Each structure stands twice: as structure tokens, then as C-alpha cells.
Amino acid sequence: MNVKFRSYQTEDFTKIRNMLVTSFEESNSLGNWLIDRWNFCRMVSHTMHETFDTWEKTVGVWEDETGMIVGVVNSEGEKRGEAFFQIRFPLSSAILEEMFVFAESTLTVQDKGCRVIRLQIPDGDSIRESIAQLRGYRKMDWDDTMSILSLHNLELGSVELPEGYRIQSGPDVSSEAKALAHAKAFGYFEEARDRTVPLAFERMKLAPDYRPDLDLSVVDTSGEVVSFCTLWFDSQNQHGALEPVGTIATARKKGLARAVITEGLHRIAGYGAKSAYVGSTMDFYKKLGFEAVFRSNVWEKTF
């Protein structure tokens with residue numbers, strides 16, 4: 001197979017999205033992102049971190065002689081020196097070496113006086129691990145793990161909210177309200193004054209896989225968003241993914257997150273989803289029935 005590198009082009013966003021779906025269908029152990037992360041990263045993360053206009057220049061693409069994309073190197077746009085490989089199927093060591101070189105030449109950052117790159121490698125991928133070791137990487141003690149909840153014969157139960165709260169879908173919640181809730185939930189409240197945060201959630205609505213009825217918020221009597229869960233549905237692989245999920249500090253321990261997630265699971269089950277994924281192993285998700293299934297380890301190299 002003749003595989004060659006080329007620069008990323010804007011129209012590749014949809015092509016790579018489709019490759020992620022197909023690669024999961026063919027083999028779900030490649031360590032690739034699901035569609036939730038690809039959509040959310042491009043529209044929300046890049047906007048919030050002000051890399052929306054520059055991110056494309058940091059992405060590498062490998063395609064075969066037919067023009068089919070078989071490999072991608074990208075970051076999340078957060079300038080943390082992180083690199084991710086998306087691959088269609090197991091690639092040769094030579095091509096993987098090229099991907100390592102591209103990541104190291106494009107995505108390193110300055111950290112404590114050194115240039116650093118942090119690469120995620122699926123647990124048990126001996127080929128990528130061997131290349132990493134030979135290139136001077138060391139395996140860190142932290143990882144990125146995906147958990148799954150099977151919806152087959154699962155009794156989701158009814159959605160119960162405390163008095164004074166209700167669930168609203170995307171069209172009924174402003175981007176400003178969603179942005180403020182996200183800021184409060186994830187501890188950057190002061191930054192919420194910056195207009196890039198509402199813009200990020202406005203752009204989320206433009207993502208190819210965004211479905212307004214799966215963009216759920218719990219609001220209180222004042223209309224403030226206090227808990228939220230957006231789901232993304234992969235119809236080809238019949239699964240959903242949760243991104244983002246959060247509850248503001250003053251509204252926690254009331255069952256709001258459980259309620260909004262349950263409502264979302266009901267909705268994707270109605271679309272035909274057989275399972276749901278979340279990028280977390282928190283006890284909260286374990287209590288909902290999620291179990292860790294895919295783990296990628298972080299490998300770091302300093303220059």
C-alpha cells in the first residue's frame with residue numbers, strides 16, 4: 001500500500017469524521033477518538049483556546065493511492081504538547097515513524113525549560129510502544145480511559161428531578177447560559193466573561209453531528225443552567241457518547257446529573273443506540289453502570 005503525507009485541508013474534517021466511524025466499525029481497539037470528541041474539540045475547544053483559525057496548520061494527514069485517509073496526527077488545540085493518532089487500520093512501522101516525526105516537529109511545547117511532547121498510545125499496542133521507546137519516550141503514570149454502558153436490556157428508569165428544576169433541549173437554552181454553566185462547572189468562572197466561551201457553544205450547534213434534542217440542560221426556576229449533558233449519536237455504530245457533562249457547584253448532590261444523563265440515554269436509545277460511551281472512569285459513572293473499556297497511556301518525550 002502506497003501511503004503518503006499531505007497537509008490538512010478544511011474539507012478533511014468530514015472525511016476524518018467518517019474515517020473515525022468506519023475504523024471503529026472495523027476495529028474498536030485502535031485508540032481513535034469517537035465522533036463526540038472530534039466534533040466538540042473542533043467547535044468548542046479550539047474556540048475557547050483561541051486556536052480555531054490556526055489548528056488546521058498543525059494537523060497531518062496520510063492517505064493511500066486511492067485518496068482514502070488512513071492516518072491523522074492532531075492535537076486538541078489546547079497547546080499542552082499533546083498529540084493523538086487516528087488510524088484507519090494498523091499501519092506499517094515506517095508510516096507510524098513518520099507520524100511520530102510530524103508530532104514532534106509540530107506539536108511540542110515549552111515546559112519547565114524543555115520542549116515536551118505527550119503522545120497517547122492504546123494500551124497493549126506493542127508496535128507504537130516500541131517506536132516510542134526507541135525515540136526516547138517514557139510511559140507516564142496517567143492515562144485516558146473510555147468507559148461504556150450497554151443499553152441492551154438496561155432498565156433506565158424514569159427521569160426524576162427535584163421540585164423547581166426542568167430539562168430543556170438545545171433550542172431553548174442560549175449559548176450564553178450554557179457557557180456560564182460550563183464555566184461554573186469546570187472552575188473557570190471568571191473566564192466566562194470572555195465572549196469566546198459563548199461563541200464556542202454557538203459553534204457547537206454548527207457541528208455536523210450536533211442534534212438539538214440531544215443537547216440537554218437542567219434549569220432552575222430562575223432559568224439558570226445548573227447541570228448539562230450533550231450526547232452525540234453514531235448511527236452507523238449504534239452508540240452514543242457524552243460530551244460535555246457537568247453540574248455547577250451549588251447544585252451538586254441533588255441527582256441532577258443523573259437525571260439529565262438518564263434523559264439523554266432514553267433519547268439515544270430511541271434512535272437505536274445499543275451502548276453509550278464517556279471519557280471518564282469517575283465513581284459517578286461507575287454507579288450509573290459504566291465500565292472502563294479502552295485505555296490509552298500517555299508517553300512523554302523531552303528535548
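## How the helix pairs were described

Helix axes here are lines fitted to C-alpha atoms over the stretch in contact, and angles run from 0 to 180 degrees between N-to-C directions. Helices (H or I, at least four residues) and strands (E, at least two) are DSSP runs, numbered from the N terminus. This is a predicted model, in which local features need pLDDT of at least 70 and side-chain atom pairs count only at pLDDT 80 or more, while totals for chains, interfaces and linings use all residues. Residues are numbered from 1 along each chain as its sequence is written, and side-chain values use heavy atoms, with hydrogens and water left out.

## Two helix pairs

Let's start with α3 (residues 93–106) and α4 (residues 126–134), whose axes come within 10 Å and cross at roughly 50°. That angle makes α3 oblique to α4; angles under 35 degrees count as roughly parallel, over 145 as roughly antiparallel, 65 to 115 as roughly perpendicular and the rest as oblique. The crossing of α3 past α4 is right-handed, meaning that the near helix is turned clockwise from the far one by less than a right angle. On the α3 side, Ser93, Leu96, Glu97 and Phe100 make the contact, and α4 brings Ile127, Arg128, Ile131 and Ala132; contact means heavy atoms within 4.5 Å. Sorted by class, five of the residues where α3 touches α4 are nonpolar, one is polar and two are charged. In this sorting Ala, Val, Leu, Ile, Met, Phe, Trp, Tyr, Cys and Pro count as nonpolar, Asp, Glu, Lys and Arg as charged, and the others, Gly among them, as polar.

The axes of α2 (residues 35–48) and α6 (residues 196–204) come within 8 Å and cross at roughly 170°, so α2 and α6 are roughly antiparallel to each other. Here Phe40, Met43, Val44, Thr47 and Met48 of α2 meet Thr196, Leu199, Ala200, Phe201, Arg203 and Met204 of α6. The contact of α2 with α6 has eight nonpolar, two polar and one charged residues.

## The nonpolar cores

The largest nonpolar core has 31 residues, and those with the most contacts inside it are Leu231, Leu242, Ile261, Leu265, Ile268, Tyr285 and Phe290. A nonpolar core is a set of buried Ala, Val, Leu, Ile, Met, Phe, Trp, Tyr and Cys residues joined through side-chain atoms within 4.5 Å. Two or more residues of this core come from each of α5 (175–185), β9 (215–219), β10 (225–234), β11 (239–247), α7 (256–271), β12 (275–278) and α8 (283–288). Strand β10 gives the largest share, six residues.

Beyond its neighbours within four places in sequence, Leu231 is in contact with Leu214, Leu216, Ala241, Leu242, Gly264, Leu265 and Ile268. Another core of 23 residues lies apart from the largest one, with Val70, Leu96, Phe102 and Ala103 among its members.

## Residues worth a look

Serine 175 is found in α5 and is buried, with a relative accessible area of 4%. Buried means under 20% relative accessible area, exposed over 50%, partly exposed in between (1.4 Å probe, protein chains only). Leaving aside neighbours within four places in sequence, Ser175 is in contact with Pro198, Phe201, Glu202 and Lys205.

Now for the backbone. Glu243 and Pro244 are joined by a cis peptide bond, with omega about 0°, and Pro244 lies in strand β11. Lys112, not a glycine, has a positive phi of about 55°; Lys112 is found in the loop between β5 (109–111) and β6 (114–122) and is exposed, at 82% relative accessible area. Gln238 is not a glycine either, yet has a positive phi of about 55°. Gln238 is in the loop between β10 and β11 and is partly exposed, at 31%.
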